[in-house]
Amino acid sequence: MNEGYSKIFVSLDGTEQQDFVLARAIKVAANNNAKLIIGHVIDSTALESAGAYPVDLVNGLETAFRNSIAAQVEEAKANPYIPEVEIVIRAGRIRETLKDEMLDVIQPDLVLCGARGLSSIKYALLGSISTFLLRNTDCDILVVK
C-alpha cells in the first residue's frame, strides 16, 4: 500500500503568499512523485452584485493569474519527480466553486492552501478557506503559513 500522495491540489488565492504556498506544493509533489494540480477561483461575489460580469474581465483576471505563476509552473513541469502539472481556473463563489467544481471532481489525496491571517472581524464575516476545507473535504489538508 502506497502511503504517499499521488494527486496534490494546491489552492492559490492571488495574494503575495501564493508564491510561497506554490513552492511548498511543488516540493511536496516532487517528494511524492505526485501529479500537481494548481487551482484558483476568480471570486465573482463582487461582480455578481453588479448583475452580470463581462467575460473579458474574467479572461483578463485568468491571464494575470497564469502570468503570476508562470515561472513556478515551468519549474514544476521541468521537475522529473512531478509526472504532470495541471492548472484549473474557475470563476464563481470561492467556497462552492472550490469544493463542487474542483475538489469533488479532481478528488485529490492532499490539498495545500495558505493561511491568509484574516483579522478577527474579517474572519467572523468571511470565514476561512482553510477551515472550510478542513470541515468539508475527505482528504488531508496542509495549511501553509
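**Entry 1: terms and model**

I began by noting that a salt bridge is a side-chain nitrogen of Lys or Arg within 4 Å of a carboxyl oxygen of Asp or Glu. The model I am reading is predicted, so I kept in mind that local features need pLDDT of at least 70 and side-chain atom pairs count only at pLDDT 80 or more, while totals for chains, interfaces and linings use all residues. Residues are numbered from 1 along each chain as its sequence is written, and side-chain values use heavy atoms, with hydrogens and water left out.

**Entry 2: salt bridges**

I looked up the salt bridges and found that the structure holds four of them. As a reminder to myself, side chains of opposite charge can pair when their charged atoms come close.

One of them joins lysine 99 and aspartate 104, with the closest N and O atoms 2.7 Å apart. Is lysine 99 buried or exposed? I noted that lysine 99 counts as buried because its relative accessibility is 19%, where buried means under 20% relative accessible area, exposed over 50%, and partly exposed in between (1.4 Å probe, protein chains only).

I then turned to lysine 35, whose side chain meets that of glutamate 84 in a salt bridge of 3.5 Å, N to O. Lysine 35 lies in strand S2 and glutamate 84 in the loop between helix H3 (55-78) and S3, so this pair ties together parts that are 49 residues apart in sequence. For these elements I wrote down that helices (H or I, at least four residues) and strands (E, at least two) are DSSP runs, numbered from the N terminus.

Lysine 35 also forms a salt bridge with glutamate 86, and there the closest N and O atoms are 3.0 Å apart. This second pair links distant parts of the chain, with lysine 35 in strand S2 and glutamate 86 in strand S3, 51 residues apart. Glutamate 84 is partly exposed, with a relative accessible area of 39%, and glutamate 86 is partly exposed as well, at 31%. I recorded Lys35, Glu84 and Glu86 together, as they are linked in a network of salt bridges.

**Entry 3: helix H4**

Which residues of helix H4 (residues 94-106) are buried? I listed Thr97, Leu98, Lys99, Met102, Leu103 and Ile106. What covers them includes the strands S1 (7-12), S2 (35-43), S3 (85-92) and S4 (110-114), and also helix H6 (129-136).

Glutamine 107 follows H4 and sits in the loop between H4 and S4. Its phi is near 50 degrees, a positive value in a residue other than glycine. I marked glutamine 107 as exposed, because its relative accessibility is 57%.

**Entry 4: asparagine 33**

I located asparagine 33 in the loop between helix H1 (18-32) and S2, and it is partly exposed, with a relative accessible area of 48%.

What does asparagine 33 contact, leaving aside its neighbours within four places in sequence? I found Tyr81 and Pro83, contact meaning heavy atoms within 4.5 Å. Asparagine 33 and proline 83 are 50 residues apart in sequence, and 6.7 Å apart in space from C-alpha to C-alpha.
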